[in-house]
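Let us walk through this model from one end of the chain to the other. Keep the structure in view as you read.

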Amino acid sequence: MARLRFTDMKRPSDGGVCFCCLRRDEGAGFPVPNRHNRIIWSCNDHIPLGRKAAAMPQAEFDIYEKQALEAAGNKAGQRLDDKFGKTDLAELETWEYLDFCQTLVKAFGDELASRLQSYDPPF
Ligand SMILES: [Zn+2]
């Protein structure tokens, strides 16, 4: 089997998500050290972060991911309260629920990317 290059391009039709923000990746991939053939993908905005995330120990990434999820949940919940005056998901109209979901996903990506940006190990 051919060895993967440091940055490998895939076909745009493959689709995928950026490991750092969950938005559509742009085909930039990074191999994960010590994980045979494991590649993480990145959007154009997060190519440096993709490289960092690939080199990051899984346990540390998991902590950042959990922190980002909690912060995103808080942002999405606060938006529900501020914009619709509601905090109970069962009371939301469909469009309000979609707004909540969109806020949650975007906030998670922003929060995770922000945390990865601050990661500064002695590589
Ligand atoms: Zn990204």
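Start with pLDDT, which is the predictor's confidence in each residue, from 0 to 100. The mean pLDDT of this chain is 83, and 85% of its residues reach 70 or more. The model is predicted, so local features need pLDDT of at least 70 and side-chain atom pairs count only at 80 or more, while totals for chains, interfaces and linings use all residues. Residues are numbered from 1 along each chain as its sequence is written.

Over residues 1–7, pLDDT stays under 50. The model has seven contacts beyond four places in sequence for this stretch; a contact means that two C-beta atoms, placed from the backbone, lie within 7 Å. Where pLDDT is low, the predicted coordinates should not be read in detail.

Now take the overall plan. The chain has three helices and two strands. Their order from the N terminus is β-β-α-α-α. Helices (H or I, at least four residues) and strands (E, at least two) are DSSP runs, numbered from the N terminus.

Look before β1 (28–31) and you find Leu22. Leu22 is not a glycine, yet its phi is positive, about 70°. Of the 123 residues in the chain, 22% are buried.

Next comes helix α2, residues 58–84. Its 27 residues reach 38 Å from first C-alpha to last, close to the expected 39 Å. That expected span is 1.5 Å times one less than the number of residues. Ala68, Ala72 and Leu80 of α2 are buried. The cover over the buried residues of α2 includes α3. After α2 comes Gly85, with a positive phi near 70°.

Finally, see how two helices pack. Helix α1 (residues 47–55) and helix α3 (residues 94–118) meet at about 70°, with axes 10 Å apart. Axes are lines fitted to C-alpha atoms, for helices over the stretch in contact, and angles run from 0 to 180 degrees between N-to-C directions. So α1 is roughly perpendicular to α3, a label for angles of 65 to 115 degrees. Leu49, Lys52 and Ala53 in α1 meet Ala113, Leu116 and Gln117 in α3.

Conventions. A residue is buried if 20 or more other C-beta atoms lie within 10 Å of its own, exposed if 12 or fewer, and partly exposed in between; C-beta atoms are placed from the backbone. Angles under 35 degrees count as roughly parallel, over 145 as roughly antiparallel, 65 to 115 as roughly perpendicular and the rest as oblique.
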